[in-house]
Amino acid sequence: MGRRFLFYIGGIVLSFLGLVACSDDNKGGEDMNPPLSKAQHTVLMYMAVDNSLYSETSDVLNKLLRGVNISGLNNCNLVVYLDNLGEFPRLMSVRMGDGGKAEWQTVCSYEEQDSSSPEVMNKIIQEVASRFPSDTYSLIVSSHGMGWIPIVDSYAMETAPEAMPHLPDGIGFLDSSVATRAFIQDRGNWMEIDEFCSAVPDGMFEYILFDACYMGCVEIAYALRNKTDYLIFSPAEVLAEGFPYHLLMRYMLTPVPDLQAICEGYFNYYASKTGANCSATVALVDCSQMEALAAAVHDVLSESDTRGAIDNYWEVQRYDRLSARILFDLDDYMSRIGVASYDRFASQLEKTVLYKAATPSMLMGSGGFYINHYSGLSTYIWQDQYQNLNSVYRQLEWYKTVYEQP
């Protein structure tokens with residue numbers, strides 16, 4: 001409670017200072033005062049789409065409005081920070097206009113800024129907290145995502161936004177032509193997981209939803225265990241269309257969001273499609289269980305003579321379409337180590353992953369794969385040939401907890 005109180009006070013100060021760069025000039029801004037009464041719940045969507053996802057922006061915004069027209073606001077706020085390609089960033093909220101139809105209203109416009117910067121993200125979160133007082137908050141991150149895997153620093157700023165990023169150790173993509181949400185990106189810049197953790201205050205959000213690829217890894221869930229109560233994400237890719245918000249607002253804009261219904265709505269939307277479009281993985285994770293899950297994984301690894309190294313790692317269920325196999329199913333991996341403490345791990349995994357669903361395959365025909373084993377969480381399996389990747393992995397909290405603790 002103390003941290004949250006200090007956060008809100010700090011938010012008021014930062015929001016006031018931020019007004020210097022918040023205007024209603026010809027950049028499209030129309031400054032307005034938020035509702036004076038406290039809402040029961042506020043959904044903040046952080047749309048960092050100054051990248052190849054810019055073409056999906058209109059569709060996402062329209063689906064959000066369609067969803068509000070179906071569900072109503074229900075004494076909740078829907079706020080979007082949008083940094084779109086070729087436009088100045090702006091903060092918008094939904095209001096019910098003439099005739100009772102939902103419409104966007106610009107709250108604030110900003111000078112050009114790097115939305116992959118943790119300082120910018122934190123400033124936006126603080127501003128939303130002060131302008132839209134609410135009993136509870138949730139956060140949707142809509143951008144590219146690459147889980148814990150870093151982007152090589154030498155990737156040039158001037159690179160075209162539709163180009164693929166560079167990954168460590170020369171790892172590339174088997175098929176880069178498929179439109180997915182794969183890499184928080186602003187032009188040539190990316191936010192890494194430690195920066196995201198520094199941007200998001202502890203305990204502010206009831207849930208964080210990643211409308212982005214590859215974010216459903218156990219390393220990310222452990223890093224965010226103190227940031228939110230629940231996580232909704234995909235261990236594999238998310239198609240460029242993203243979450244079907246027109247079907248999900250009824251579960252989001254409510255004083256008590258229905259998190260399982262959000263997951264089910266996403267999964268059912270893609271499961272009903274055909275061909276490569278029938279591709280989806282989703283999981284709902286209880287972050288309060290992450291410490292216990294880490295302890296259970298540590299026990300399995302500690303019992304193993306090889307500390308988790310296995311010869312047949314390429315047979316473990318994969319979740320990536322990379323030239324190297326990096327993201328594997330956590331349960332499939334643990335089960336192949338085959339020690340006595342696996343059953344305790346499996347029991348803890350059920351308490352941690354509250355909901356999971358996957359289509360039979362992911363982007364088959366485009367370097368994809370079948371999904372025969374699905375636990376809802378991916379993990380990295382140590383591979384000696386990827387020394388640069390391993391050096392980054394050693395720095396993660398997850399690695400230090402499950403591998404280095406006695």
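The exercises below, each with a worked solution, concern a predicted model.

**Exercise 1. A salt bridge within a helix**

Task: Describe the salt bridge between Asp332 and Arg336, and explain how the two residues are placed in helix α9.

Solution: 
1. Take the distance. The closest N and O atoms of Asp332 and Arg336 are 3.0 Å apart.
2. A salt bridge needs a side-chain nitrogen of Lys or Arg within 4 Å of a carboxyl oxygen of Asp or Glu, so the pair at 3.0 Å counts.
3. Locate the residues. Both lie in helix α9, residues 330-337. Because they are four residues apart in this helix, about one helical turn separates Asp332 and Arg336.
4. Compare their surroundings. Asp332 has 6% relative accessibility and counts as buried, whereas Arg336, with a relative accessible area of 33%, is partly exposed.
5. Elsewhere, Asp59, Lys63 and Glu241 are linked in a network of salt bridges.

**Exercise 2. Arg318 in its loop**

Task: State where Arg318 is found, and list how Arg318 interacts with Asp320.

Solution: 
1. Locate the residue. Arg318 is in the loop between α8 and β11 (327-329).
2. Arg318 has 12% relative accessibility, so Arg318 counts as buried. Asp320 is buried as well.
3. Examine the salt bridge. Arg318 and Asp320 form one, with their closest N and O atoms 3.1 Å apart.
4. Examine the backbone. The Arg318 side chain also reaches the backbone oxygen of Asp320, at 3.0 Å.
5. With neighbours within four places in sequence left aside, Arg318 is in contact with Ala324, Arg325, Leu327, Phe328 and Phe369.

**Exercise 3. Two helix pairs**

Task: Describe the packing of α2 against α6 and of α9 against α10.

Solution: 
1. Two packed helices are described by the angle between their axes and the distance between the axes.
2. Apply this to the α2 and α6 pair. Helix α2 (residues 57-71) packs against α6 at an angle of about 45°, and their axes are 7 Å apart. The angle therefore makes α2 oblique to α6.
3. The α2 and α6 crossing is right-handed.
4. Name the residues that meet. Among those on α2 are Val60, Leu64 and Val68, and among those on α6 are Tyr245 and Met249.
5. Apply the method to the α9 and α10 pair. The axes of α9 and α10 (residues 342-352) come within 10 Å and cross at roughly 165°. Angles over 145 degrees count as roughly antiparallel, so α9 is roughly antiparallel to α10.
6. Complete the α9 and α10 pair. Leu330, Asp331, Met334 and Ser335 of α9 make the contact with Tyr342, Phe345 and Leu349 of α10. The crossing of α9 and α10 is left-handed.

**Exercise 4. Glu291 and Thr254**

Task: Which residues does Glu291 touch, and which does Thr254 touch, not counting residues up to four places away in sequence?

Solution: 
1. Locate Glu291. Glu291 lies in helix α8, residues 290-303, and is partly exposed with a relative accessible area of 44%.
2. List its contacts. Glu291 touches Tyr222 and Arg225.
3. A polar contact of 3.2 Å joins the side chains of Glu291 and Tyr222. Glu291 and Arg225 are 66 residues apart along the chain, and their C-alpha atoms are separated by 8.0 Å.
4. Turn to Thr254. Thr254 sits in the loop between α6 (245-252) and α7 (259-271), and is partly exposed with a relative accessible area of 21%.
5. List its contacts. Thr254 touches His41 and Cys76.

Note on methods
Residues numbered from 1 in each chain as written. Predicted model: local features only at pLDDT ≥ 70, side-chain atom pairs only at ≥ 80, totals over all residues. Heavy atoms only, no water. Buried < 20%, exposed > 50% of the residue type's maximum accessible area, 1.4 Å probe, protein only. Contact = heavy atoms within 4.5 Å. Axes fitted to C-alpha atoms, helices over the stretch in contact; angles between N-to-C directions. Parallel < 35°, antiparallel > 145°, perpendicular 65-115°, else oblique. Left-handed = near helix turned anticlockwise from the far one by under 90°. Polar contact = N/O pair within 3.5 Å; in protein donor to acceptor, adjacent residues only side chain to side chain.
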